[in-house]
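Trainee: I have a model open and would like to work through it with you. Can we take it by question and answer?

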Amino acid sequence: MRIWRLEFGLDEYDDLKTDKEWSIEKIREFDGREHDKDWEKVKVVRLEPEKKLPLSNAPGFFSHIPVIDKRAKDILENYISDFVEILPLINDERDFWAINITNVLDCVDYGKSIYKMFPDGKRILRFKKYSFIEKKLIGENIFKIKDELLAAPFVSDEFKNIVDFNNLTGFKFRLVWDSKDD
């Protein structure tokens, strides 16, 4: 089993931003909490239209809030709908959705992971090497961990393979754990 960090192609495609700035509090609300019931559509626009870069199937937005277009939604929805909320956005060019990952797992093998703690000794500052408890990841296609609620999500091989097979643009994957190497 392999686990990947979900990232986005920020150099070859244009990104999106809200047309009205979100507060830090609003951005931090995407920490596993549900928003479906109180969600109000947000207008998003190109970050750097002057560069005339194309928009991908997954334009950059906030690292912990992926955004996908209709094609990516149609392909991925069956694989991720149990783990996320798919929240509609407003855009003048095409349809986009914010992906709110509500699947927060307690799946880190701390004995095998390498990480640095904050000075208070109660919270993890950053991971240098991830190790996961494999049995807790079976069937989990997209998730966050409790120590990094505002970081980019993790995805399974299955998620990555679907994206690659369908040639969805804008997705980038960084391998963070392979059970064979653990």
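Mentor: The largest cavity has a volume of about 50 Å³. Keep in mind that this is a predicted model. Ask away.

Trainee: How many cavities of 30 Å³ or more does the structure hold?

Mentor: The largest cavity, at about 50 Å³, passes that cut-off. The count of cavities at 30 Å³ or more is one.

Trainee: Which buried residues does helix 2 have?

Mentor: Helix 2 spans residues 70-80. D69 caps its N-terminal end, with a side-chain oxygen 3.3 Å from the backbone nitrogen of R71. The cover over the buried residues includes strands 4, 5, 6, 10 and 12, and helix 3. L76 and I80 also line the largest cavity. The buried residues are A72, K73, I75, L76 and I80.

Trainee: Which strands are the edge strands of the open sheet?

Mentor: Five strands form this sheet, with mixed pairing. Their order is 7-10-11-1-12. An edge strand pairs on one side only, which leaves strand 7 (104-105) and strand 12 (171-178).

Trainee: What is the bridge partner of R2 in strand 12?

Mentor: Strands of a sheet pair through backbone hydrogen bonds, parallel or antiparallel. Strand 1, residues 2-8, pairs with strand 12 in the antiparallel sense. Seven bridges join the two. The partner of R2 is D178.

Trainee: Is E148 buried or exposed?

Mentor: E148 sits in the loop between strand 10 (142-145) and strand 11 (154-156). Its relative accessibility is 15%. The cut-off for buried is under 20%, so E148 counts as buried.

Trainee: With which side chain does the side chain of E148 make a polar contact?

Mentor: Leave aside neighbours within four places in sequence. E148 is then in contact with R5, F127, Y130 and F154. The polar contact, side chain to side chain, is at 3.1 Å. The partner is R5.

Trainee: What is the relative accessibility of C107?

Mentor: C107 lies in the loop between strand 7 and strand 8 (114-117). Its contacts beyond four places in sequence are S131, F132, I133, K136, L137, F143 and I145. C107 counts as buried, because its relative accessibility is 1%.

Trainee: How far apart in space are C107 and R46?

Mentor: In sequence, C107 and R46 are 61 residues apart. In space, C-alpha to C-alpha, the value is 36 Å.

Trainee: What is the phi of K52?

Mentor: K52 is in the loop between strand 3 (42-46) and strand 4. At 72% relative accessibility, K52 counts as exposed. K52 is not a glycine, yet its phi is positive, at about 55°.

Trainee: Is N167 buried or exposed?

Mentor: N167 is in the loop between helix 3 and strand 12. N167 is not a glycine either, and has a positive phi of about 55°. Its relative accessible area is 60%, and the cut-off is over 50%, so N167 is exposed.

Notes: Residues are numbered from 1 along each chain as its sequence is written. This is a predicted model: local features need pLDDT of at least 70, side-chain atom pairs count only at pLDDT 80 or more; totals for chains, interfaces and linings use all residues. Side-chain values use heavy atoms; hydrogens and water are left out. On a 1 Å grid over the protein atoms alone, a cavity is a set of points where a 1.4 Å probe fits but cannot get out, and a pocket is an open set with protein on both sides within 12 Å along at least five of seven lines; lining residues have an atom within 4 Å of a point. Grid points are joined across faces, edges and corners, and a volume is the space filled by probe spheres set on the points. Two strands pair if DSSP finds at least two bridges between them. Helices (H or I, at least four residues) and strands (E, at least two) are DSSP runs, numbered from the N terminus. Buried means under 20% relative accessible area, exposed over 50%, partly exposed in between (1.4 Å probe, protein chains only). A polar contact is a pair of N or O atoms within 3.5 Å; within protein, one must be able to donate a hydrogen and the other to accept it, and residues adjacent in sequence count only if both atoms are side-chain atoms. Contact means heavy atoms within 4.5 Å.
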